[in-house]
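Open the model in your viewer and keep the selection panel at hand. Each stop below says what to select and what is there.

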Amino acid sequence: MRNVLLIAAKEIQESLRNRWVLAMTALLAALALSLTFLGSAPTGNVGARALDVVIVSLSSLTIFLVPLVALLISHDAVVGETERGTMLLLLSYPVSRGQVLFGKFTGHLAILAFATVLGYGTAAVTLAATGAAIDARSWMAFATMIGTSILLGAVFIAIGYLVSVLVRERATAAGIAIGVWLLLVVVFDMALLGVLVIDQGRLISPAALSGLLLLNPADVYRLLNLAGATSASAFSGMSGLAGTVSLAPALLLSALAAWTLVPLALAAMIFSRREL
Amino acid sequence: MTALVDIAHATKRYGTLEAVRDISFALEPGQTVALVGHNGAGKTTLIKLMLGLVRPTEGSVRVLGEDPAGGGTEARRQLGYLPESVSFNTALTGREVLAFYARLKSEPVAGIQALLDRVGLAKAADRRIGTYSKGMRQRLGLAQALIGTPQLLLLDEPTTGLDPGLRMEFYEIVGELSDRGATVVLSSHVLTELEERTERVLIVSRGHLVADGTIDELRRIAELPAKVRVSVAPGEAERLRGLMGDPASGRTFNGHRVEFDVTPSEKIELLRRAAGAGDLIRDIDVVPPSLDELYAHFLRKETP
């Protein structure tokens, strides 16, 4: 455990030093702020729930951005250090490969969580400061959005590690990471939509649709935030889907947890067997 | 005393390539050992086997009483390693990197100042590693290998890229360590500089261990001739060759220096005659076969 924390601390120290953390936080804050103030223009001031609008636009953004950022920091974690030669030295120390991987995961997740909380939090606090009325339910939904965004990040960090331990070159890892991002964030939904249109509800039952959505962590995230109990679902255009797909939040959360733990465990297993 | 490193019939295959073939040796505490071979002869694979970074395909490897690839980490606390072309994260400072590695070894972080002083990095310790020269990175590499007074040091091509002054300092540090009882394994293909500093030489060629012994032992086995260089006054070379019984190996340089290749028994005879030559001789040098020559000899034997 001590080693895990040591490696996590080093990872954080390095990311602070090369301004990764700063860049990521600034990016998320800038996007969140612009969405908050530009995004609320169409609803005007009559929209009673200003924060709910922000939740909808921010979580739509998160689906694209957080997986990309997570893959960006994680795809390089093992293969990059191996290529630079720093892994060889690290593994000659009294530390197991599992500790190295979990330490990196802890560090990367902490960086991502920090950037998300600070970046998105800035937007919410600014909104509250401008005098928008925000009730407790909206705050809860916003907190859920931040929490699930971090969880979505964890999923893609774990997937990034799996890619990183499987390949021999950084460039390959980067290519595969972009492919994974495209597949899960863009292609999957389009393909699913196409299939649903063609199928016209003949073969694919609502239960089967729920199952299909669980196969994609980005969709699980979307269901959690856009089709939740808040009025956000009304704005997001997800209410139709939410009516069809009935998945309990607990199930959705465990799906995200599984999407994190399975790739991470696989990565640790492959890494510990790999010869350098 | 039990051996620090015990390798028995270790073979390592990568696909069809045999990087290490049936190598056995044991290293005793306090030895300084040169691991010599061409690039790609299997030196680095041998070191990785000792580190447990790769597992032997056949045979067994034991280091400090543990199977290094077995997942145990206790032995690694007693071990220092300097990889070939060592690299660090360039965003951190030398001190930060050493502190991290000291913590990983559960050693007090306070001890790194002495290490920084020892390798001559005290002034640069708080600069980013990105600003370090190749030599400074190599010093930092050595400093991390010395954390926690290791019993076994594995140094892979440690002096590549170091200037001669640094090399001398480097070997001084290695000398101190072995005086303290540490076993030091130096892999290199720069043989001349290892010659004076190692008690034992392991020569690897294409995965085989082709020679194992002290330099003197290897000289005896190889039966390579020593060179005797005799200097005389200009123009006297022919007279000298006559006096020496004109051995076939005599070669004259510039009319005043003659070089003979002699086996150990011939050498004594030649020196006796030289002693009788009186004023004719101005200077005599006896040059035993160098590690370079021994290495070439064992490689030739290996590849008929």
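**Ground rules.** This is a predicted model: local features need pLDDT of at least 70, side-chain atom pairs count only at pLDDT 80 or more, and totals for chains, interfaces and linings use all residues. Residues are numbered from 1 along each chain as its sequence is written, chains are lettered from A and ligands numbered from 1 in the order in which they are written, and side-chain values use heavy atoms, with hydrogens and water left out.

**Stop 1: the interface.** Select chain A and chain B. Contact here means heavy atoms within 4.5 Å. Chain A brings 25 residues to it and chain B brings 30 residues. The buried area is about 2,600 Å², and carbon and sulfur atoms give 60% of that. Buried area is the accessible area (1.4 Å probe) that two parts lose on being put together, summed over both.

Now pick A:L89, A:Y93 and A:P94. In chain A these lose the most area to chain B, together 26% of what that side buries.

Stop 2: Select A:R17 and B:E96. They form a salt bridge, with the closest N and O atoms 2.7 Å apart. The term means a side-chain nitrogen of Lys or Arg within 4 Å of a carboxyl oxygen of Asp or Glu. The rule finds one salt bridge across this interface.

Next, colour chain A by helix. Helices are DSSP runs (H or I, at least four residues), numbered from the N terminus. Helix 1 (2-17), helix 5 (86-91) and helix 13 (249-273) of chain A each supply at least two residues of the side that touches chain B. Helix 1 of chain A gives the largest share, eight residues.

**Stop 3: a helix pair.** Select residues 136-166 and 217-226 of chain A, which are helix 7 and helix 10. Their axes (lines fitted to C-alpha atoms over the stretch in contact, angles from 0 to 180 degrees between N-to-C directions) come within 10 Å and cross at roughly 175°. That makes the two helices roughly antiparallel, a label for angles over 145 degrees. Show side chains: A:M145, A:L152 and A:F156 are among the contact residues of helix 7 of chain A, and A:Y221 and A:L224 are among those of helix 10 of chain A.

**Stop 4: a link within chain A.** Select A:E81 and A:K104. This salt bridge has its closest N and O atoms 2.7 Å apart. A:E81 sits in helix 4 (residues 79-84) of chain A and A:K104 in helix 6 (residues 97-129) of chain A, 23 residues apart. Over all chains, the structure holds 23 salt bridges.

Definitions and conventions:
Angles under 35 degrees count as roughly parallel, over 145 as roughly antiparallel, 65 to 115 as roughly perpendicular and the rest as oblique.
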